[in-house]
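The structure comes first, followed by the points by topic.

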There are 2 protein chains.
Amino acid sequence: MVPFPHPWVDADVGPFEDAAVVHPPSGSSLVLTLDFITPVVDDPEAFGAIAAANALSDVYAMGGEPHVALAICGFPENRVPREILERVLRGARDKAAEAVCAIVGGHTIQDDEMKYGLSVVGTVDPRRVLTHTHARVGDKLVLTKPIGFGVAAQALKKDRLPATEVARLTSLMSTLNRAARDAALAAGARAATDVTGFGLLAHLRHLLLGSGVGARIFASQVPVLECAWALAREGILPGGSRRNLAYVTPHTQFDPRLDEATRLILADAQTSGGLLIAISPQGEQALLSELTRGATPARAVIGEVVAGDPGHIEVVA
Amino acid sequence: MVPFPHPWVDADVGPFEDAAVVHPPSGSSLVLTLDFITPVVDDPEAFGAIAAANALSDVYAMGGEPHVALAICGFPENRVPREILERVLRGARDKAAEAVCAIVGGHTIQDDEMKYGLSVVGTVDPRRVLTHTHARVGDKLVLTKPIGFGVAAQALKKDRLPATEVARLTSLMSTLNRAARDAALAAGARAATDVTGFGLLAHLRHLLLGSGVGARIFASQVPVLECAWALAREGILPGGSRRNLAYVTPHTQFDPRLDEATRLILADAQTSGGLLIAISPQGEQALLSELTRGATPARAVIGEVVAGDPGHIEVVA
């Protein structure tokens with residue numbers, strides 16, 4: 001299932017080979033990551049593309065470049081036509097190819113629910129890894145996609161999302177975090193994470209714990225899908241978002257004016273969310289310019305790193 | 001979740017990092033593989049160990065050495081106590097540690113049925129890769145574990161397997177194929193595969209197709225779990241084994257004296273089966289000596305590579 005010749009890939013293996021053999025450039029440091037999800041949209045190609053973008057994102061969040069991947073697939077073969085599986089694989093392959101990443105193998109099992117994801121091998125310059133450990137007091141926190149994908153995807157499942165919003169959500173979730181990674185590296189950032197299943201606040205908390213610092217978030221500066229507000233107030237959101245909020249609440253001081261819906265949106269479980277980048281005040285303008293040049297879906301300064309209890313978050317209204 | 005210091009692993013990352021960063025020795029060729037399964041035994045540690053051995057096997061089948069792995073996990077958190085998950089992870093971690101392979105990350109999702117597996121990165125000497133493409137006419141075919149694991153596991157599911165047989169099956173499925181790989185390389189083999197979900201005949205067929213040759217198998221020489229015969233005759237076997245037999249039958253000439261149960265056992269879907277090694281007649285004795293020295297569960301010459309239609313198999317009674 002190699003979608004295009006890739007310089008790493010060994011061609012001298014059979015079509016049913018037990019494993020792929022690849023030859024990375026000498027001296028490469030590798031980024032290894034793995035993620036898989038259940039469908040978040042109805043369109044099979046779009047689901048494949050989103051699942052691929054979501055898995056590739058972990059490589060970008062480390063400042064790395066994806067190269068080869070193995071597919072993880074669960075498929076209800078007794079219930080769903082095989083053509084659907086082929087369309088999911090095609091969507092994933094094309095999205096990986098956009099990232100110049102070859103899918104060189106994988107494993108599919110019979111499953112009650114469709115699942116797809118990738119185990120990705122990338123390279124990274126060890127002097128420029130983006131980690132959780134390098135956020136410093138005074139850094140600005142910049143987010144490169146809006147949040148609220150979990151709320152919107154839940155509405156989509158209940159047939160409550162207008163077609164234009166479905167298209168926008170699909171486009172946002174399939175957008176690679178490559179341009180955001182490029183901007184972070186160009187601006188000299190050393191700390192980042194991607195916003196996925198644990199939601200903005202919990203992923204931020206992990207970053208802060210890794211660096212031994214706290215943060216102040218300005219809720220009004222966080223970019224949110226417009227449609228998410230009314231839906232969240234109606235209680236339409238994934239169970240994961242409620243669990244995320246319960247997880248961060250003991251470590252988070254919310255402005256009392258922030259209602260439950262806003263808190264839930266800040267904790268909303270994302271699929272294929274943006275990068276959250278910590279950047280020094282000196283690098284802030286360069287980062288915002290680079291993000292603009294890369295046309296990332298958002299480029300919002302949502303808060304700052306502060307001294308205090310490691311992992312503590314203050315959310316200002 | 002790094003079980004022990006591993007020289008590849010970068011320690012300068014936080015505990016919730018998005019991906020692992022590893023530094024393979026300069027100039028390494030890598031083997032990449034991924035496999036995951038649903039429970040085949042009741043004991044959680046044993047399931048973890050078997051799932052790990054099963055995934056690591058694909059690296060050994062290529063002549064490689066596993067180094068680091070990411071876990072793939074599905075867990076029914078609403079139905080199964082979390083302690084069970086921890087025991088599965090412990091069993092897998094200890095088995096990977098036996099293979100000197102560090103589990104450096106992974107992904108767990110809520111799932112209706114427990115699943116576990118690994119995405120493994122190993123190294124291989126590119127001059128000594130074991131592939132599907134190097135079997136030659138005249139080679140002997142050697143199997144390093146018995147077959148019938150699928151039949152026995154099905155009986156276990158139906159509470160029809162005596163405790164001594166459960167213990168034997170568990171031990172066989174958790175045995176690493178490392179000693180078999182060592183023996184194959186020491187004897188100068190260039191072609192091998194491992195016998196897993198497609199069963200002996202289909203995995204053999206893939207090897208033969210890769211090399212453009214046929215094979216003759218001596219059914220009486222194939223090592224089979226004693227308990228599997230009666231069970232298979234009763235029709236106790238996984239659906240996969242029937243599908244495997246249907247898949248190979250058009251390309252296989254069975255001796256008419258071989259009954260349906262024998263054919264099904266030769267196609268039985270294995271979890272963590274042995275290596276099937278093609279070795280030149282000159283290397284045969286060395287291979288058998290090395291397998292004896294490595295105490296592999298079986299070391300049976302079950303047939304030979306012949307000229308003929310690529311992928312064609314003759315099964316002699």
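Two strands are said to pair if DSSP finds at least two bridges between them; strands themselves are DSSP runs (E, at least two residues), and helices are runs of H or I with at least four residues, both numbered from the N terminus. This is a predicted model, in which local features need pLDDT of at least 70 and side-chain atom pairs count only at pLDDT 80 or more, while totals for chains, interfaces and linings use all residues. Residues are numbered from 1 along each chain as its sequence is written, chains are lettered from A and ligands numbered from 1 in the order in which they are written, and side-chain values use heavy atoms, with hydrogens and water left out.

**Strand pairing within chain B**

- Strand β6 (residues 140–143) of chain B pairs antiparallel with strand β10 (residues 275–279) of chain B through four bridges.
- β6(B) also pairs with strand β11 (residues 300–306) of chain B, again antiparallel and over four bridges.
- L143(B) has L276(B) as its bridge partner in β10(B), and A300(B) stands opposite L143(B) in β11(B).

**Extent of the interface**

- Chain A contributes 56 residues and chain B 55 residues to the contact, where contact means heavy atoms within 4.5 Å.
- About 4,300 Å² is buried between chain A and chain B, with 64% of that area from carbon and sulfur atoms; buried area is the accessible area (1.4 Å probe) that two parts lose on being put together, summed over both.
- On the chain A side, the most area is lost to chain B by F16(A), D18(A) and L32(A), together 16% of what that side buries.

- The rule finds two salt bridges across the interface of chain A and chain B, each a side-chain nitrogen of Lys or Arg within 4 Å of a carboxyl oxygen of Asp or Glu.
- K115(A) and D111(B) form a salt bridge through their side chains, at 3.0 Å from N to O.
- Strand β2 (residues 29–37) of chain A supplies eight residues, the largest share of the side of chain A that touches chain B.

**Strands across the interface**

- β2(A) and strand β1 (residues 20–22) of chain B run antiparallel and are joined by three bridges.
- In β1(B), A20(B) stands opposite L32(A).

**Symmetry**

- Chain A superposes on chain B by a rotation of 180° with 0.0 Å of shift along its axis (RMSD 0.0 Å), using least squares on the C-alpha atoms of residues with pLDDT of at least 70 in both.
- The two copies are therefore related as by a two-fold rotation axis.
- S26(A) has the C-alpha nearest the axis in chain A, 2.4 Å from it.
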